[in-house]
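Visitor: Please take a close look at one part of this structure with me, the part around a single side chain and its charged partner, and then follow the salt bridges onward from there.

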Amino acid sequence: MTARPSATSTPTTPDPALSPVPDLSLPLGRPPRVLVTGAGGPSGVCFLRALDGVAERYAADLDPNGAGLYLVQRAYRMLLPPGGAPGFAEAVLRLCERHAIDVLVPTVDAELVALARASAAFEAAGVRVLTSPAEALETCLDKWRLAEACQGAVRLPDTRLLGSPGLPRTQDGAAGPPGPEGGFPAIAKPRTGSGSRGIVLVHGPEELAALPQDGSYLLQELLPGTEYSVDVLTDALGRVVAAVPRARDKTDSGIVVAGRVLDLPELSGIAEDTVRTLGLRGVLNVQVREDRAGKAALLEVNPRPPGGMSLTVAAGVDMPKWAVAALLGHPMPDRIAHRETAVVRHWQDVVLAPLELGDMGDSTEAARPVGAGDRRSA
């Protein structure tokens, strides 16, 4: 498969016919109140920026220096405990009830399962949560379970679990040789984690033997070709209404900083098959990569809004607005098309008064950082 823009690529000027955008004020008769967690990360920032001027935006993070917190006014900034902390979902629910939040958008992997398990409590409080079912999330967040679940549904790289008694296992559980089908070098990665953390290139059996053999690591066939992300939007029933492939031309710490949005139906098809197989919902991201023969295979699934979603928005598919609209009951179109385009991303400063950094409107659910009060008194 060759990733080239088509001859009919259109300019990046917005095209209303190509990119219908819902009026978020219609379902409630007013702009919805939307709380985005993980406001310090690329996903949170992208979601908040997309809703600027069309929703009442609230931002939350566990770090008072999170950049996205300062995209909203002080009264709408919140501090959270870590996603894995006991009582996390209950703390978020209290914030939602206190501020009469209509839609909750979690963007951090560690928060997803707890919030999904508490979905009934949020629904009872009138809060719609942009998340998939807990079981589907748990499968996506464990790369070994993901490979097992998608076996036979989509093309996968040869994947083996490094576990007791110390030899890799094939996907059917049988004992395997000390290397993947494609031989070395191969990729070793933790079963859980994101942002390319812990991933290493293994050149032979000696390096393989040095890795944890306790079932916490995978060994995977090296895919040397182009890597793509496919951003996916579904309706409430899991029907895919947009699957937008983008080439990850340059990344920094696992986040794309330069890329192209392309019309590649094969990749869109892999993403759609993956979403249907796993029973995912909302806005999410499927990552694939080409093997030596140029055939794409599934790498992993990020079951929450992706960090590079601004590329998809620039290509005419405003997933944040559509996702919020769908949760509020706005009908979804059968399909939302995208245009081919390229995007280069850059840092953007948020300039504040010195005392404003770390100044939250609501820090009741997390301890205020040491020294924050000293700045005010100084």
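Guide: Arg248 is buried, with a relative accessibility of 15%, where buried means under 20% relative accessible area, exposed over 50% and partly exposed in between, computed with a 1.4 Å probe on protein chains only. This is a predicted model, in which local features need pLDDT of at least 70 and side-chain atom pairs count only at pLDDT 80 or more, while totals for chains, interfaces and linings use all residues. Residues are numbered from 1 along each chain as its sequence is written, and side-chain values use heavy atoms, with hydrogens and water left out.

The partner of Arg248 is Glu227, and their side chains form a salt bridge at 3.3 Å, N to O, the term meaning a side-chain nitrogen of Lys or Arg within 4 Å of a carboxyl oxygen of Asp or Glu. This pair joins distant parts of the chain, since Glu227 belongs to strand E11 (residues 227–234) and Arg248 to strand E12 (residues 240–252), 21 residues apart; such strands (E, at least two residues), like helices (H or I, at least four), are DSSP runs numbered from the N terminus. Glu227 also counts as buried, at 19% relative accessibility.

Strand E12 also holds Asp249, which links to Arg260 in strand E13 (residues 255–261), 11 residues apart, through a salt bridge whose closest N and O atoms are 2.9 Å apart. Here Asp249 is partly exposed at 41% relative accessibility, and Arg260 is partly exposed at 23%. By the salt-bridge rule, the count comes to 22.
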